[in-house]
Amino acid sequence: MENNSLSRESKLEDKEYKWGFTTDVDTEVVPKGLSEEVVKLISKKKKEPNWLFDWRLKAYKHWLKQDEKEGEPEWAMVEYPKIDYQDIHYYAAPNKSDAPKSLDEVDPEMLEAFEKLGIPLEERAQLAGVAVDAVFDSVSVATTYEKQLKELGIIFCSFSEAVQNHPDLIKKYLGSVVPYSDNYFANLNSAVFSDGSFIYIPEGVRCPIELMTYFRINTADTGQFERTLIVADKNSYVSYLEGCTAPIRKSSQLHAAVVELVALDGAEIKYSTLQNWYPGNKDGEGGVYNFVTKRGKCGNKSKISWTQVETGSAITWKYPSVILQGDDSIGEFYSVALTNNHQQADTGTKMIHIGKNTKSTIVAKGISAGKGNNTYRGQVKILPSAENSQNFTQCDSLLIGDQCGAITLPYIEVKNPTAKLEHEASTSKVSDEQLFYLMQRGLDEEEAHHMIITGWSKEVFKELPFEFAVEAGQLLKVSLEGAVG
Amino acid sequence: MDKILEIKNLKASVTETEEKILNGLNLSIGKGETHAIMGPNGGGKSTLVNVIAGKDSYSVDSGEIEFFSEDLIEMEVDERAKKGIFMAFQYPSEIPGVRPWQFIKASVDSKRKFLGEKELSVREFSKIYDENIKIVGMNQDLMKRSLNEGFSGGEKKRNEVFQMLMLEPQLALLDETDSGLDVDALKSVGDVVNRMRNNERSFLIVTHYQRLLDHIKPDFVHVLIKGKIVESGGYELVKKIEENGYESFV
Ligand SMILES: Nc1ncnc2c1ncn2[C@@H]1O[C@H](COP(=O)(O)OP(=O)(O)O)[C@@H](O)[C@H]1O
Ligand SMILES: [Mg+2]
């Protein structure tokens with residue numbers, strides 16, 4: 001037995017982050033630190049209209065106040081050294097000033113980086129029927145399928161482009177779901193956001209392909225502040241995939257993104273995430289700090305569905321939420337969060353029921369291995385106006401080994417007596433009996449664990465688009481390497 | 001006669017409690033032979049089968065176990081399986097979210113890979129899979145669920161036999177596969193064992209009942225009491241047990 005755990009330890013040490021590499025692209029970097037000047041510089045570099053600069057500035061001033069008053073939120077079950085916000089670059093862009101029109105114009109080294117990430121842009125995009133808006137550091141460098149989408153009136157472009165080409169839409173919806181003052185990190189993002197994706201699906205249009213963005217954090221010590229906005233007009237449909245990997249870094253990297261989803265009457269948005277950022281080494285050094293605000297707002301009879309598989313980052317602080325404002329609207333949250341080694345995840349969701357006959361479903365699964373700590377924090381709020389609302393919540397924890405932990409913190413607030421709520425929770429361990437059974441059939445210990453874990457995660461995986469589900473399975477496997485076997 | 005399994009003076013205990021279960025057990029199984037083990041509850045039958053398969057909640061304290069003249073004791077569970085040892089569990093585990101098809105395909109793949117054989121295509125595999133489902137008389141709908149989840153006791157046992165058919169082991173260990181089966185299911189288990197018997201493949205069948213053995217007609221019968229084989233013989237031993245119980249052996 002002793003021997004066994006020793007060999008586990010050494011395997012842990014051997015573990016290397018598969019996607020750890022750095023690309024040497026000349027980056028144009030704004031000096032470290034945060035000030036009104038820096039906010040102005042970012043806005044200017046992006047040739048933004050005045051109203052947007054004003055918005056950033058308001059956000060910055062509010063953040064300053066908040067920072068002085070109470071600083072970072074401390075309620076989450078995560079621990080990390082204090083972040084020095086003056087020691088971060090707030091803007092970095094690949095050196096070419098003009099955005100490339102086609103792949104030929106994309107920096108070959110950058111393309112190579114995408115290869116290593118396993119995203120051969122052209123083939124993958126075309127074979128899989130996926131349009132890729134690849135965010136490399138802060139600026140979008142390549143966009144495919146744009147033309148085809150254009151014919152349907154679908155807009156899928158970088159956030160900066162949208163600011164230039166569709167300012168009315170941006171002005172109307174930016175901050176409409178997550179106000180700049182929402183929380184410390186969203187606030188910071190609103191002041192200095194770099195780039196991200198913008199999607200608009202016109203009324204009645206069903207987006208024929210899965211839209212996809214790969215994010216990557218590249219320049220050393222560059223905090224990345226993405227801003228994504230998806231607007232699905234009446235009776236439209238879109239499925240969006242977000243996948244992430246980041247290279248190895250010595251000091252921790254801050255990532256504070258904001259994602260806003262707007263589903264107008266009768267519209268449906270499906271948002272899937274694979275998050276695989278560098279989790280830090282086995283001693284808990286390095287790794288990405290991921291503080292993300294994701295929220296959607298539903299109109300009448302509309303639906304927003306979040307599906308996420310979170311295996312990366314040193315710290316994950318993330319609560320994709322749905323405001324069920326319209327009558328008969330539906331919110332869903334399906335999540336698998338895995339923590340290994342010293343990873344900490346405090347994640348969950350909020351479902352705010354405002355409209356009548358609103359329904360929400362939460363399936364949150366946490367897998368803890370090594371010294372990983374997993375907290376599920378979920379809030380279901382039924383407001384007085386939300387006649388006949390329903391919520392179903394299921395929280396499952398799976399523990400691998402005996403040094404990890406899982407905590408479930410459901411907050412329920414019901415202000416309308418007609419609401420129906422159901423809550424199920426379970427904690428399980430991968431049992432020796434199950435492992436022995438699978439190994440007796442010829443699977444090695446790692447394969448056996450993997451099979452049990454993917455089976456256990458199935459309710460969430462089946463919500464993912466097919467190729468993504470396969471990748472998600474692979475991701476769990478890679479993330480658990482060395483933790484078992 | 002070539003030996004498949006050779007157990008000499010085996011002593012084994014429960015790892016956690018150090019309770020001694022097997023107290024110097026000897027057993028030799030030749031190629032193509034079918035052996036039955038009978039004995040009172042708690043005598044160590046399941047322990048023996050699990051020790052052969054390599055379950056680490058049991059510890060081998062002394063003695064030898066050889067499989068094709070190779071020492072088994074230090075070998076990993078999955079390696080033993082890939083080399084041809086199959087155990088039909090007395091209480092098979094339930095694995096939520098894993099479809100039987102996926103599980104058995106992975107098992108067959110990993111065994112074939114280990115043996116340097118070509119991986120079966122999905123089509124080739126499915127053909128064999130469907131045929132074997134019919135042979136065992138598995139309920140098709142059941143096989144669309146999670147592995148063993150919501151299966152009745154009898155259905156779990158049938159599923160074990162189905163897996164045995166799929167994996168074509170060299171040595172099959174059946175631990176009370178007949179317990180809890182109705183007459184039809186019992187017959188189909190017996191039929192599968194009989195159809196799989198050949199000059200190369202051996203069986204070790206743990207049972208309490210004459211019924212299954214009437215069907216299978218084992219070559220050898222052993223009586224296991226208090227961690228030791230106290231008597232070995234042919235099929236006639238079954239009759240003796242049926243008439244006098246185990247008391248006459250103590
Ligand atoms: N995992 C275990 N933990 C504790 N005791 C065990 C365990 N497995 C078996 N035993 C004990 O070992 C003895 C033999 O059990 P077993 O091999 O299951 O017998 P049989 O299969 O012949 O009925 C019993 O006394 C039983 O209580
Ligand atoms: Mg038994």
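This is a predicted model: local features need pLDDT of at least 70, side-chain atom pairs count only at pLDDT 80 or more; totals for chains, interfaces and linings use all residues.

User: Is S43(A) buried or exposed?
Analyst: Its relative accessible area is 3%. The cut-off for buried is under 20%, so S43(A) counts as buried.

User: Which residue's side chain makes a polar contact with the side chain of S43(A)?
Analyst: Start with the contacts of S43(A), leaving aside neighbours within four places in sequence: they are E48(A), F53(A) and R56(A). Now look for a polar contact between side chains, and you'll find one at 2.8 Å. The partner of S43(A) there is E48(A).

User: How many of the 9 residues of helix α10 of chain A are buried?
Analyst: α10 covers residues 432-440 of chain A, and it is largely enclosed by the rest of the structure. The buried ones are Q434(A), L435(A), F436(A), Y437(A), L438(A), M439(A) and Q440(A). So the count of buried residues is 7.

User: Which residue just after α10(A) takes a positive phi?
Analyst: Step just past the end of α10(A) and check the backbone there. The phi angle is about 105 degrees, and the residue is G442(A).

User: What percentage of the residues in chain A is buried?
Analyst: Chain A has 13 helices and 23 strands. Its accessible surface comes to about 19200 Å², with 49% of that belonging to carbon and sulfur atoms. Of the 485 residues in chain A, the buried share is 60%.

User: Over to chain B. Which residues coordinate the magnesium ion, ligand 2?
Analyst: Look for the donor atoms, which sit at 2.0 to 2.7 Å. One is an OG atom and the other is an OE1 atom. They belong to S46(B) and Q90(B).

User: How many residues apart in sequence are the parts that this pair ties together?
Analyst: S46(B) lies in helix α1 (residues 45-53) of chain B, while Q90(B) lies in the loop between β6 (85-88) and α3 (100-114). Q90(B) also counts as buried, at 16% relative accessibility. The pair therefore ties together parts whose separation in sequence is 44 residues.

User: Which element gives the largest share of the shell around ligand 1?
Analyst: The residues around ligand 1 include G44(B), K45(B), S46(B), T47(B) and Y58(B). By type, the shell divides into 4 nonpolar, 6 polar and 2 charged residues. The largest share is 3 residues, and it comes from α1(B).

User: Last one: how far apart in space are G137(B) and E155(B), C-alpha to C-alpha?
Analyst: G137(B) is in the loop between α4 (122-136) and α5 (153-167) of chain B, and it counts as partly exposed at 41% relative accessibility. In sequence, G137(B) and E155(B) are 18 residues apart. In space, the C-alpha to C-alpha distance is 9.8 Å.

Methods: Residues are numbered from 1 along each chain as its sequence is written. Chains are lettered from A and ligands numbered from 1 in the order in which they are written. Side-chain values use heavy atoms; hydrogens and water are left out. Donors are N, O and S atoms within 2.8 Å of the metal (3.2 Å for Na, K and Ca); water is not among the atoms, so sites may look incomplete. Helices (H or I, at least four residues) and strands (E, at least two) are DSSP runs, numbered from the N terminus. Buried means under 20% relative accessible area, exposed over 50%, partly exposed in between (1.4 Å probe, protein chains only). A residue is near a molecule or strand if one of its heavy atoms lies within 4 Å of it. Ala, Val, Leu, Ile, Met, Phe, Trp, Tyr, Cys and Pro count as nonpolar, Asp, Glu, Lys and Arg as charged, and the others, Gly among them, as polar. A polar contact is a pair of N or O atoms within 3.5 Å; within protein, one must be able to donate a hydrogen and the other to accept it, and residues adjacent in sequence count only if both atoms are side-chain atoms. Contact means heavy atoms within 4.5 Å. Accessible areas come from the Shrake-Rupley method with a 1.4 Å probe; for residues, only the protein chains shown count as cover.
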